Each structure stands twice: as C-alpha cells, then as structure tokens.
Amino acid sequence: MLNPSAIDPAIVTGTYDATGRAHPRRLANRRQGVTQVLITGATGYIGGHLAPALLQRGLHVRCLARDPSRAALPGQADVVRGDVLQESTLPPALEGIDVAYYLVHSMGGGDGAFAQRDRAGAEAFARAASAAGVTRVVYLGGLEGGDSEHLRSREEVATILAAAVPDTVHARAAMVIGAGSASFLILRHLVERLPAMVCPRWIDTRTQPIAIRDVVGALAALADPARPAASEVQLGGADVLTYREMMHRFAAAAGRRAPLVLRVPVLTPRLSSYWLGLVTPVDPGVARPLVQGLSAEMLVRTAPPAGINDAPLGFDDAVREALAEGAG
C-alpha cells in the first residue's frame, strides 16, 4: 500500500482518494480477479483505440495522461495524471497494475532529441513498473530496427523495459493504416495533393502495412495473463507492398488518379521531411525520423502466436476503413 503522505492528490484522479487509499471500485475488481491494465500514451491514436477494446474484454483500464481534463477517453476508464518523464508521478499510476502498455514515443518538437527523451522515459517507467510488481509490459515498436535513429531508439526502449520486467512483449508493426496514423497521413496527402512526385529509393522498399483494428486487436489479446507471452510478436497485414504500390492502391481505393512517381538516386531524409512538411500536415520533426526508417524492409519474418492477428485485413480494405473513419 502506498504511503498516503507521499501522494499528491493533485496528480491523482479516479483511482485513489485524497488519503491514498485505493478506490473501492478497484478493490472490488481485484477481489473479483479482474486484470488491472495501465495504458501510457493513452491519448495517442493507438492508445485511444486500445482503451475501449480492453474495456470490452472486461478488464479494468487506467490511463496515464499529462492533462486528464483534455483526455477524450471512455468514461469507464480511470484517468491518472502523470508523465513518464516525471518519475514521481508513476508509482500511484502503477499501484496494483498487472499489465502495462507502453505506447510512448517522443518524436516531434524539432529539436532532434527524441531518442534521449525516449530513453529517459523508458528508464523511469521501467524502474517504477519493476517496483510496483507489474507482471507484464507490452510495448509497440517497429518490425525492424537499426537503420535509423528512430528505429534504433525503439529497439533501445524495448531492451530497457525487458531488463526491468522480464515478461515484456515487444509487439512489432510496420505502417499502421488508420485515420490518425502519421505514416498513413503522409501517404494519403501525397496521393491526394500531388499529381507527380520525385521520391528516393525507399519508394520501392517492401513493407507489410497493418490496419488499426488488427494492431489494436493483437495488443488487446496480449493482456490475457493466461496467454503465455513471447518476448516478441510480429504484426503485419495480409499484403506485402512497396510504397509505390501502396500509393497506386490507395488512389484506386479512394477513387483518385494515381500519381506519377519518379525515383531519383539521391534525396536525403532531411530534404524529404521538409518536402513532406510542405504537402502534408505532418510535423517535419515527426516526418524526418519516419522517413529515415523507410529504407528498411518492414516484413513479418515470424508469424505471431495463434489467436493474435490470425486473419488481418488486406491493404485495400484497411484503406477503406481508414477513409471512413476519417470522414466520420
């Protein structure tokens, strides 16, 4: 039990009272054997979809948010004020948690220091999760690692978390096809705004994009404590495509003319990100590390365990769902 004097009521909402005692609903859930889940990055695109999916499974969901008043999350979820870069806010959020989802990434801001922030946040969270006795951490990273600072940083975060909580699952995925995915937004706006474009060699790199519904379904399945967890789970959609092919198939699914794509031998990630910043709504600080990773093939090499992503959507259906979501 937490020391009530060590808890600042200003950083706690929903789960604890002002003395630091656990909320009666949480105690009742614990007595009934309900799995207790924490989502970091809950206000992000994937975290926002994951919370209702976990609630539908009958789990107790707690969400970490820097500003709970601005968090548009399901009313059945408890929302706790906290930040992985402020370690003192983490113990109240992690108290009694069985499974923690780590969906925090620090790209953006334009200062190029996202890797340092990711490292600091992961180290703080790992210490707090270990101290709280969390039994499983689920982290979402990329299918490959090492070809860019962005991918290397995600690999490092997975390593830090696994060192503290041995039952850490590194879920790996390529481009997520969904209305709020930064990678999908880049693809969409390139096709919708440009009749022709000049692209570097990554335009013909193969990848295995996955629908938001399939990522969320797989992540939610990993919360089951009865399911033996592999240290790594690779997630992909039904189709393996190059980025050029994705542009053409997106255009067909959206009822648009496919752009003319010209490949050039040299176009640096920095120049590519500036160019993307002009024609898409994605922050160049986010686009640059994403572009750096596009030269690596993002393919599922090892099929996930049975019951996790058994029948993923194909690219065309995933695009149609994303477009419908964006229009809704």
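**Reading helix packing, a salt bridge and a surface patch**

User: Which residues of helix 6 and helix 8 meet?

Analyst: From helix 6 come Phe184, Leu187, Arg188, Leu190, Val191 and Glu192. From helix 8 come Met246, Met247, Phe250 and Ala251. Keep in mind that this is a predicted model.

User: At what angle do helix 6 and helix 8 pack?

Analyst: Helix 6 spans residues 182-193. The angle between helix 6 and helix 8 is about 70°, and their axes are 10 Å apart. Helix 6 is therefore roughly perpendicular to helix 8, because angles from 65 to 115 degrees count that way. As for handedness, helix 6 and helix 8 cross in a right-handed way.

User: How do I read the crossing of helix 8 and helix 11?

Analyst: Take the angle, then the distance. Helix 8 covers residues 243-254, and helix 11 covers residues 315-327. Their axes cross at roughly 55° and come within 9 Å. So helix 8 is oblique to helix 11. The crossing of helix 8 past helix 11 is right-handed.

User: Which residues make that contact between helix 8 and helix 11?

Analyst: On helix 8, look for Met246, Arg249, Phe250, Ala253 and Ala254. On helix 11, look for Phe315, Asp316, Val319, Arg320 and Leu323.

User: How do helix 2 and helix 7 pack?

Analyst: Helix 2 (residues 45-56) meets helix 7 (residues 212-221) at about 55°. Their axes are 9 Å apart. That makes helix 2 oblique to helix 7. Helix 2 passes helix 7 in a right-handed crossing. Helix 2 brings Tyr45, Ile46, His49, Leu50, Ala53 and Leu54 to the contact. Helix 7 brings Ile212, Val215, Val216, Leu219 and Ala220.

User: How many salt bridges are there?

Analyst: A salt bridge here needs a Lys or Arg nitrogen within 4 Å of an Asp or Glu carboxyl oxygen. The count is 13 salt bridges. One of them joins the side chains of Glu155 and Arg172, at 2.6 Å from N to O. This pair links distant parts of the chain, 17 residues apart. Glu155 sits in helix 5 (residues 149-164), and Arg172 in strand 6 (residues 168-173).

User: Which residues form a nonpolar patch on the surface?

Analyst: Val198, Leu260 and Leu262 do. Together they have about 260 Å² of accessible area.

How values were computed: Residues are numbered from 1 along each chain as its sequence is written. This is a predicted model: local features need pLDDT of at least 70, side-chain atom pairs count only at pLDDT 80 or more; totals for chains, interfaces and linings use all residues. Side-chain values use heavy atoms; hydrogens and water are left out. Patches are made of residues with over 30% relative accessible area and no salt bridge: like charges are joined within 9 Å, nonpolar side chains (Val, Leu, Ile, Met, Phe, Trp, Tyr) within 5 Å. Accessible areas come from the Shrake-Rupley method with a 1.4 Å probe; for residues, only the protein chains shown count as cover. Axes are lines fitted to C-alpha atoms, for helices over the stretch in contact, and angles run from 0 to 180 degrees between N-to-C directions. Helices (H or I, at least four residues) and strands (E, at least two) are DSSP runs, numbered from the N terminus. Angles under 35 degrees count as roughly parallel, over 145 as roughly antiparallel, 65 to 115 as roughly perpendicular and the rest as oblique. A crossing is left-handed if the near helix is turned anticlockwise from the far one by less than a right angle, and right-handed if clockwise. Contact means heavy atoms within 4.5 Å.
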